[in-house]
Structure formats: C-alpha cells, structure tokens
Amino acid sequence: MPRTALRICPLCEATCGLTLTIEGTRVTGARGDRDDVFSQGFICPKGASFGAVDGDPDRLRTPLVRKDGELREATWEEAFDAVAAGIRPAVERYGPNVVGVVLGNPNVHTMAGALYPPVLLAGLGTRSVFTASTVDQMPKHVSSGLLFGDANAIPVPDLDRTDHLLLIGANPLESNGSLCTAPDFPGKLKALKARGGTLTVIDPRRTRTAKLADRHLAIRPGADALLLAAMTYTLFEEDLVDTGKLTPHLQGLDELRDAVRDFTPEAVSGACDADAATIRTLARELAAAPTAAVYARIGSCTVPHGTLASWLVDVLNILTGNLDRPGGALFPQAATDRTPRPAGPSHGFALGRWHSRVSRYPEAKGELPISALAEEIDTATEEGEPIRVVVTVAANPVLSVPDGDRLDKALGGLDFMVSVDPYLNETSRHADVVLPPPPPSQSPHHDFAFNTLAVRNQVRYTRPAIPLEPGRMAETEILARLVLAATGMHGADPSAVDDLVIGQTLGKAVKEPYSPVHGRDAKELAGLLTGVSGPERRLDMMLRLGPYGDGFGVRPDGLSLERLLAHPHGIDLGPLASRLPQPLKTRSGKVELLPQPIADDLPRLRQAMAERAEGLVLVGRRHLRSNNSWMHNVPALTGGTNRCTLHIHPEDAAGLGLVDGQAVGVKGAGGSVTAPVEITDTVRRGVVSLPHGWGHDRPGTRMSHAAQDPGVNVNQLLDGRLLDPLSGNAVLNAVPVELITKP
C-alpha cells in the first residue's frame with residue numbers, strides 16, 4: 001500500500017513543504033503540503049517532479065575509483081583509502097594551499113552541505129577556496145559586509161506587507177526567488193497588486209515577472225548601478241530623504257550625498273537608455289510610498305558594477321526609511337542563528353586579506369574568484385605552488401564558470417581530484433574518486449542558509465522519507481569521512497567530527513556572558529542533546545542556543561529538536577520584525593553608508609556614464625523548471641520553454657537576416673558556440689539571451705537524457721578575465737558578443 005511522508009523541497013530557494021507518495025522504496029508522487037507553516041501547499045514544477053529527480057536512473061549508487069586510467073565501482077573503504085592517499089601527501093609536501101576546494105550551489109540545499117564543508121576548510125587550512133557565490137551573489141555579501149559589518153546580514157523585502165516593490169534584475173516568477181526565501185513568490189506579487197500596491201520591474205527582458213508589473217523599464221544591461229545612483233541623487237536633490245528611526249544608526253550621510261553628486265538623471269540617461277524624467281519618477285514613487293522595498297538579484301550582481309549596485313539597493317532602502325521596518329526590507333532571524341549578542345561596535349568586515357597566486361585577485365568572504373580556478377591550476381608563478389589537488393562538492397564548474405574549456409583541460413592535469421556528486425558530469429568525470437550521496441528522499445532536511453533569508457521567521461525539519469538503500473552512505477557521513485581523510489584522521493569514527501564541533505561550540509557558549517548557558521558545564525550540556533545522529537544532535541544544539549531556543553532548560557517554551565519533531569509541518573515564529581542595531585557588526589556599531597572600498601570604486605562608475613556599448617550584448621536567463629545543470633537530466637524538467645535557444649529581438653533578427661530555428665554562431669572573448677535562434681520581443685533591441693547550465697556534449701559523462709539535447713555552454717563565450725573588482729564576481733551579463741550567420 002502507498003504511504004505518505006513529508007519532505008522539504010531542496011530544488012530551489014523557495015523551500016516548499018511537500019507531501020510525498022511512496023510505494024515501497026520509490027517516490028511515486030509529490031504535492032504541496034497544505035499544512036506547511038511556510039509554503040501552505042504551494043508547489044512548482046520542480047517540486048512536482050521530485051519523484052523523477054529522486055529516482056533518476058543515472059544517479060550513481062556506489063563510489064567510483066580510478067584504476068589504470070578508468071573509473072570503476074569500488075567499496076566505500078577503498079574510496080576513502082584513495083582519498084587519504086591522494087590528499088594528505090600533497091598537503092604534507094607542498095602545504096595546504098595546493099588543495100583547491102570547490103563548493104557548488106546544491107551545498108546550501110542540504111544539511112550535509114551546510115554542516116561539514118566549514119569543518120573541512122578549517123581542518124585543511126587552505127586558502128584556495130572557490131564557490132558558486134562568485135558566479136552569483138558575492139556582490140551582495142560584500143556590500144552587506146561593508147554596510148553592516150556582516151556579509152551574511154542581507155535584508156529581504158517584506159513581501160506580505162509592502163506597498164511598493166521595486167525589482168531589479170530579478171525574475172522570481174521563474175526563479176522562485178533568490179536571496180529572498182519566499183514560497184509562492186508569484187502569489188505574493190499578485191497579492192501586492194490586489195491590495196493596491198505597486199510593482200516596478202527593471203530588466204532588459206520582458207520576463208514573466210515584468211509582464212505582471214505596473215511599470216517595466218527595459219534599461220541597457222549592466223547599467224543597474226548608474227540608474228540606482230541617479231535615483232539616490234534625486235532623493236537628495238529633491239529633499240526626499242527621510243531616514244526616520246534609522247537616523248541614530250547611520251554614519252556617513254553627508255559623505256554619501258557628496259559621493260553621488262555627479263550621477264544626475266540627465267548624466268546617466270544615455271548609458272542607461274532611460275530618460276531622466278522616468279528615473280526621477282522612480283525615485284519619487286519610492287519615496288512617496290507608505291512602505292517600499294528595493295530588491296535586486298543575479299541580473300544586477302553579475303555585471304561590471306555588481307557590488308555598487310547591491311550597495312545602492314540598500315542605500316535606497318535606507319534613505320527612504322524603509323530598512324528595518326515592516327513593509328520595507330528587514331533582517332530575518334533564523335532559529336539556528338547564533339545567540340544574539342548585545343548591540344555595539346564589533347570587528348567589521350575586511351576585503352583582500354589574501355590574494356590569488358596568479359592574477360592577485362583579492363579574497364572576499366574567505367573565497368577567491370572561481371573564475372581564477374583554471375589559472376590557479378595550470379599556471380606556474382614564483383608566488384607558490386599551483387593547485388595540485390581539487391575537492392569538489394556538488395559542483396560542476398566546467399559548465400558554471402567562464403571558459404570551461406580551459407578548466408576542463410586544467411582538471412585533467414591535476415595530481416588528484418575527488419568529487420562528491422550524484423552524477424558523473426562534465427566536472428566529476430575528471431575525478432580520481434567520486435563519492436555519490438543518496439537521493440534526497442533518503443536524506444534529512446533543514447534549511448540553515450535559506451532561513452536566514454526567509455520572508456517569514458519559521459523553522460521546519462524533515463527526517464528521511466525513505467531509509468538508506470543497502471550499500472548507500474548518508475551524505476552527512478560521506479562528508480564527515482572526507483573531513484577525516486583529508487585532515488590526517490582517516491579511519492576515525494565519523495562521529496568524531498560532530499563531537500568535535502559540539503565540544504567547540506558549547507565550550508565557547510559557556511564562556512559568553514550573553515549566552516543562555518553561560519557558566520554551565522559544556523560536557524554536561526553535550527550529554528543533554530537529543531537526536532538519532534550526529535547531525536541531529538548538532539541541529540538540537542543550534543536550536544537550543546539560538547534566538548528562540550530553550551537555552552538547555554532556561555526557557556521551557558523555547559525551541560529544541562524534540563519540540564520541532566512534534567511539529568512535522570513546522571513552527572511559525574512570526575513575521576519579520578525590526579532588529580537594528582543588533583545585527584550590525586561594523587567597527588562603529590552603525591550602518592556605514594560610504595565604506596572606503598565603495599568610495600574607491602565610484603570613479604569607475606563615473607567613467608561608465610560616458611560608455612556606449614556598440615553591437616549586441618549578452619544576458620542570461622532562468623527557466624522555472626531548471627536551477628542547476630544536473631536538472632537537465634530529468635525528462636520532466638526539460639522541453640517546452642526550457643530549451644537552449646538564443647533569444648533575439650525581431651528587428652535585430654531582421655537586420656541580420658535571421659529566421660526562427662536557424663543555427664547561428666555566437667562569438668565572445670572566450671570562444672564561440674552555435675545555438676538555434678528564437679525570435680522574440682521579450683528582449684530589448686541590442687540584447688541577446690542564452691540560458692545557463694547547458695553544454696552536455698563532453699565524453700565520459702553518464703547523463704543520458706541531458707546528452708540527447710545537450711545545448712551549448714553560454715559561459716564558454718567568456719574568458720574569465722572580466723570581474724567585479726570588489727567581490728571577484730564573474731561578469732556574466734552585459735558582455736559584448738558577435739553573431740556569425742552560417743552560409
């Protein structure tokens with residue numbers, strides 16, 4: 001007989017609750033959990049396809065170890081023996097920085113990916129750390145770090161209560177939201193309009209989100225920061241600045257006014273391709289709204305001035321008094337956040353604490369630009385040894401990073417590589433060891449990262465819906481054993497990793513005067529933790545020490561794992577609330593409106609006012625039924641609109657003599673690809689668009705469905721040299737390309 005089980009969807013940032021139908025050990029259906037405290041039954045095509053994702057026959061089921069040049073099935077013991085033999089000698093001979101660790105986007109969608117990579121990095125001591133953040137949201141982390149002193153203090157729009165929402169470079173009707181965890185984002189936008197609110201969308205494409213807007217402004221790609229700077233100027237010039245209750249928490253207001261004095265609407269109009277009157281209207285409407293929020297995403301991050309654009313988003317929220325107020329942009333409070341410390345000056349945020357070896361790119365948030373990974377492997381310098389060993393966890397940088405061809409070759413020349421990945425894909429095919437995690441139905445789930453970005457405070461946890469199959473190993477145990485093998489503790493019980501973290505965390509907590517367990521015995525507290533596994537005990541600890549926790553008995557009505565398990569649909573912790581000044585960790589203890597790195601980068605933005613792009617420029621796009629490259633291997637999530645086509649405006653197509661379906665070459669600084677044309681007026685003139693995550697045509701992979709319709713890798717058009725200088729984020733949008741028609 002079929003049974004049902006609850007599961008939080010791990011396939012995008014919306015984190016919707018699912019009710020799975022299970023027959024034996026197979027997921028045969030998925031629907032929205034109507035009783036979920038956060039998503040209330042909402043589901044998208046990805047969640048509805050959970051069973052197909054979970055049961056993909058191409059998922060690896062046993063480890064692979066390279067022998068005589070060929071990857072062959074092996075036991076878990078053989079695999080971890082090979083990992084220890086491949087990593088430790090290199091570290092001991094050359095030092096920890098010869099190990100490059102690459103973390104992909106799916107890490108933030110799993111418990112294991114949240115809990116164990118930080119332990120791996122700390123144990124290795126390597127500075128060669130690369131993640132998907134630098135082809136995505138790193139500008140927002142950097143701007144938040146500079147403004148608020150904490151790179152993870154990211155305000156999110158209060159979607160349920162705002163009167164005016166301004167979206168820039170975001171398409172949540174396709175993405176379901178990003179850096180803003182909101183189940184049923186489309187429904188929330190429709191509710192905004194139904195209650196008389198205003199939705200404005202700024203995007204060079206007329207996306208599904210833009211079609212819903214009251215106003216859509218199709219600016220020139222890459223001009224986001226200029227537009228926002230001109231809006232900021234207008235607020236000052238027209239005396240529309242009203243910081244209200246924020247005023248005591250602000251530093252640098254006068255300096256900010258001086259810094260934007262050159263960015264008049266008239267001065268930026270040409271570069272933005274938006275008339276000055278419209279820019280002034282945008283600023284006036286924002287200031288006049290009872291409550292408002294500005295929200296920007298990947299379209300404004302992956303451009304030459306990504307950090308400046310991200311900074312100006314929060315500047316506008318601040319100048320209109322909408323930061324940290326209901327209906328504006330607020331700081332969420334996740335249940336597993338650290339115990340809130342008293343407000344006051346702190347350590348602040350620093351950039352460039354070290355640099356990459358070859359191009360001397362500065363570190364940001366402990367990471368180097370992932371665009372530099374290939375050169376850090378294949379280029380010799382006098383600055384130290386190149387990367388000789390690579391560890392990838394849920395990452396496919398050959399497709400997700402500029403100039404995948406170069407990285408593909410570089411990975412082939414490594415001394416050793418290990419991949420934690422369910423697929424043999426374009427990157428993991430180079431590994432000497434592949435460690436496959438089980439499908440999501442066989443894993444527990446709690447959203448550590450996304451709850452810090454949620455539009456409503458809540459907490460949910462689901463245990464595995466299906467027991468581990470024989471021969472499988474839990475992803476948490478895989479990563480714990482990887483930590484041990486990579487740090488010279490191979491063969492130790494994997495529970496030692498969790499015990500170490502618990503001991504260190506509680507040891508610090510009992511010494512913190514503001515902690516609910518201050519002065520207590522750490523070992524005694526560890527003995528009070530509940531849970532059937534090390535990860536559950538760590539979750540219990542974080543909940544009990546967190547802002548809503550029971551403090552190990554101090555607050556009887558507080559959170560613990562035991563209480564959470566008694567609420568299988570989650571616990572609602574209420575709407576977002578004002579929190580300043582507590583989240584601030586700047587050296588001044590205030591919001592620092594004009595940090596020096598920002599001020600130093602503004603001359604570059606001034607220069608951009610005079611720039612006029614000639615020819616076509618490229619932008620990416622998202623599909624509702626896709627998130628990462630591996631989803632192209634699921635038949636239910638491909639086809640229809642989810643195709644790798646080149647969008648081009650009808651007038652541009654006519655000028656080049658192109659017709660629908662025609663194959664056309666696209667040439668950029670990093671190379672060229674050929675894709676079929678799709679003529680559409682949803683892109684503005686002068687812009688072409690290709691989706692990301694395609695290019696499944698390399699030999700040696702085991703992704704059979706994706707290989708049938710491989711598409712092309714849009715990132716091969718980029719050579720990896722164009723980065724946002726403050727964050728190291730790759731510039732993926734607003735890059736010039738040339739179309740080459742086939743005879």
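How many cavities of 30 Å³ or more does a search of the whole structure find?

1. The model discussed here is a predicted one, and the search of the whole structure returns 5 cavities of 30 Å³ or more. The largest cavity holds about 110 Å³ of space, and its lining is made up of 14 residues, among which Lys140, Pro155, Val294, Tyr295 and Ala296 lie nearest the centre. At least two lining residues of this largest cavity come from each of β8 (156-157), β13 and α15 (306-319).

2. Strand β13 also belongs to an open sheet of 4 strands, in which the order is β11-β10-β9-β13 and the pairing is parallel. The strands at the edges are β11 (215-217) and β13 (293-296), and because each of them has a single partner strand, one side of each is left without a neighbour in the sheet. From one strand to the next the twist averages 15°.

3. Helix α13 (residues 276-288) lies across β9, β10, β11 and β13, and its direction makes an angle of about 135° with β11.

4. Asp242 sits in the loop between α10 (224-237) and β12 (250-251), and its side chain reaches the backbone nitrogen of Gly244 at 3.3 Å. Although Asp242 and Gly321 are 79 residues apart along the chain, their C-alpha atoms are separated by 5.7 Å. If neighbours within four places in sequence are left aside, the residues in contact with Asp242 are Ile318, Leu319, Thr320 and Gly321.

5. Is Thr586 buried or exposed? Its relative accessibility is 1%, and Thr586 therefore counts as buried, the cut-off for that term being under 20%. Thr586 is located in the loop between β19 (571-575) and β20 (591-592), where a polar atom of its side chain lies 2.6 Å from the backbone oxygen of Lys590. When residues up to four places away in sequence are not counted, Thr586 touches Leu146, Leu147, Phe148 and Gly149, together with Pro345, Ser346, Gly348 and Glu592.

Terms used:
Residues are numbered from 1 along each chain as its sequence is written. This is a predicted model: local features need pLDDT of at least 70, side-chain atom pairs count only at pLDDT 80 or more; totals for chains, interfaces and linings use all residues. Side-chain values use heavy atoms; hydrogens and water are left out. Buried means under 20% relative accessible area, exposed over 50%, partly exposed in between (1.4 Å probe, protein chains only). A polar contact is a pair of N or O atoms within 3.5 Å; within protein, one must be able to donate a hydrogen and the other to accept it, and residues adjacent in sequence count only if both atoms are side-chain atoms. Contact means heavy atoms within 4.5 Å. Two strands pair if DSSP finds at least two bridges between them. Axes are lines fitted to C-alpha atoms, for helices over the stretch in contact, and angles run from 0 to 180 degrees between N-to-C directions. On a 1 Å grid over the protein atoms alone, a cavity is a set of points where a 1.4 Å probe fits but cannot get out, and a pocket is an open set with protein on both sides within 12 Å along at least five of seven lines; lining residues have an atom within 4 Å of a point. Grid points are joined across faces, edges and corners, and a volume is the space filled by probe spheres set on the points.
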